[in-house]
Amino acid sequence: MHAIVPPYLLARLATAEAPHLAGAAEAARATLAMPRVYHPTRANLDVTVEGDALVFEGSPAPDRVISDAQHRETLPGVRVRGEDDPASADVAVNQAFDGLGDTSAMLWDAFERVAIDGAGGTLEATVHYGQKYDNAFWNGERMVFGDGDGEVFTGFTGSVSVIGHELGHGVIEHSGGLEYQGQSGALNESVADVFGALTEQHLDRQSAAEASWLIGAGIFTDAVQGTALRSMKAPGTAYDDDVLGRDPQPAHMRDYVETTEDNGGVHINSGIPNKAFHLVATALGGHAWERAGRIWYLTLTGGRLARTADFAAFAAETLAVAAREYGEDSEEADAVRTAWAAVGVVNGDERS
């Protein structure tokens with residue numbers, strides 16, 4: 001659960017028969033078979049309200065702890081770097097440390113959120129998990145990174161969007177959560193992708209027009225015909241590889257995938273709300289975290305979204321937030337309304 005590489009992609013790799021991918025196929029099978037213990041996160045109760053203002057406990061300075069699993073499957077592993085420690089000789093340790101900081105900086109700058117729990121809690125991560133482990137995941141308490149098999153996947157600490165995505169799952173859970181099944185599960189994955197994209201864009205100070213909108217760029221080796229795991233700009237185009245197949249994400253409700261696999265297609269159908277967010281962000285222009293990101297964040301954290309919300313319910317709430325924050329006839333509300341209509345979730349005449 002909450003892993004960056006979807007099971008359908010690993011399943012394709014696990015059946016690869018090419019001799020030069022024998023090691024990658026074995027690693028994919030092992031990754032799929034490896035159990036991941038999940039620790040549910042309780043919604044954060046350390047945020048109080050005074051009048052209309054949120055008062056956050058804690059400091060915007062991050063508190064990061066990186067551990068090393070030493071290629072075992074036991075968490076948390078050996079502590080190797082804390083907030084006041086010097087940089088490590090281990091590249092993965094430093095990448096994880098920096099990525100946690102980058103995500104924390106985006107959350108504070110964009111939303112005045114202190115860490116993923118909103119209360120300044122410790123950001124924890126474990127690197128070098130397992131042997132050639134082909135994934136990274138959020139287990140309810142920490143980020144966990146594999147090193148990849150070296151043939152198809154590289155180390156997962158090298159992608160800031162992956163780190164932002166997985167920590168985004170923590171923000172989602174601390175905000176009340178979205179049930180990890182069907183459309184609410186696809187929204188869970190999509191909102192995590194939004195956090196991943198915003199983290200990378202914030203780090204590089206990119207506008208919505210300048211950004212790649214790729215999730216997981218750089219985690220494929222040169223042997224793969226593809227650029228990333230997902231494209232929010234153009235779902236279904238991130239990769240088209242002889243072994244991995246073609247990116248199956250739809251960008252419109254007419255192509256919604258009905259399946260019982262992957263918790264009802266949470267990684268596949270997230271392409272639809274991903275495209276909606278991209279359309280809002282590019283229509284509004286500027287930095288995506290400033291208006292589009294704020295609307296999505298307030299939708300997630302406003303307390304009005306059910307854990308089982310489907311696409312239509314989420315769309316309605318984003319429109320309500322945009323109308324409330326900027327005005328019903330505002331540029332922001334129009335962008336939200338137009339985007340959800342463009343992906344087939346609403347009919348285009350919706351009003352909050």
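Helix H8 (residues 292–301) is largely enclosed by the rest of the structure, because seven of its ten residues are buried. The model is predicted. A search of the whole structure finds 14 aromatic pairs. Strand E3 (residues 64–68) is mostly covered too, with five of its five residues buried.

**Helix H8**
- The buried residues of H8 are Ala 292, Gly 293, Ile 295, Trp 296, Tyr 297, Thr 299 and Leu 300.
- These buried residues pack against six helices named here: H3 (91–111), H4 (160–174), H5 (182–204), H7 (271–284), H9 (311–326) and H10 (331–342).
- Gly 303 follows H8 and has a positive phi, near 80°.

**Aromatic pairs**
- The search of the whole structure gives 14 aromatic pairs. One of them joins Phe 111 and Phe 195 edge-to-face, at 6.4 Å centre to centre and 85° between the planes.
- That pair links distant parts of the chain: Phe 111 is in helix H3 and Phe 195 in helix H5, 84 residues apart.
- Phe 111 is buried at a relative accessible area of 8%. Phe 195 is buried at 4%.
- Trp 296 and Trp 340 form a stacked pair, with centres 5.9 Å apart and 10° between the planes.
- Trp 296 belongs to helix H8 and Trp 340 to helix H10, so their pair ties together parts 44 residues apart in sequence.
- Trp 296 counts as buried at 3% relative accessibility. Trp 340 is buried, with a relative accessible area of 1%.
- Trp 296 and Trp 340 also belong to one aromatic cluster with Trp 213, Phe 277 and Phe 314.

**Strand E3**
- Arg 64, Ile 66 and Asp 68 point one way from E3, Val 65 and Ser 67 point the other way, and all are buried.
- E3 runs parallel to strand E5 (residues 123–127), joined by five bridges. Ile 66 has Ala 125 as its bridge partner in E5.
- E3 runs antiparallel to strand E4 (residues 78–82), joined by four bridges. Asp 68 stands opposite Val 78 in E4.

**Arginines over Phe 97**
- The charged end of Arg 64 sits over the ring of Phe 97, 3.7 Å from its centre.
- Arg 81 lies over the face of Phe 97, at 3.6 Å from the ring centre.

**Asp 262**
- Asp 262 is placed in helix H6 (residues 262–265).
- Asp 262 counts as buried because its relative accessibility is 14%, and the cut-off is under 20%.
- The C-alpha atoms of Asp 262 and Pro 6 are 7.6 Å apart, although 256 residues separate them along the chain.
- Beyond neighbours within four places in sequence, Asp 262 is in contact with Pro 7, Tyr 8, His 267 and Ile 268.

How values were computed. Residues are numbered from 1 along each chain as its sequence is written. This is a predicted model: local features need pLDDT of at least 70, side-chain atom pairs count only at pLDDT 80 or more; totals for chains, interfaces and linings use all residues. Side-chain values use heavy atoms; hydrogens and water are left out. Helices (H or I, at least four residues) and strands (E, at least two) are DSSP runs, numbered from the N terminus. Buried means under 20% relative accessible area, exposed over 50%, partly exposed in between (1.4 Å probe, protein chains only). Contact means heavy atoms within 4.5 Å. Two strands pair if DSSP finds at least two bridges between them. Rings of Phe, Tyr and Trp (its six-membered ring) pair if their centres lie within 6.5 Å; planes under 30 degrees apart count as stacked, over 60 as edge-to-face and the rest as tilted. A charge sits over a ring if NZ of Lys or CZ of Arg is within 6 Å of the ring centre and within 35 degrees of the ring normal.
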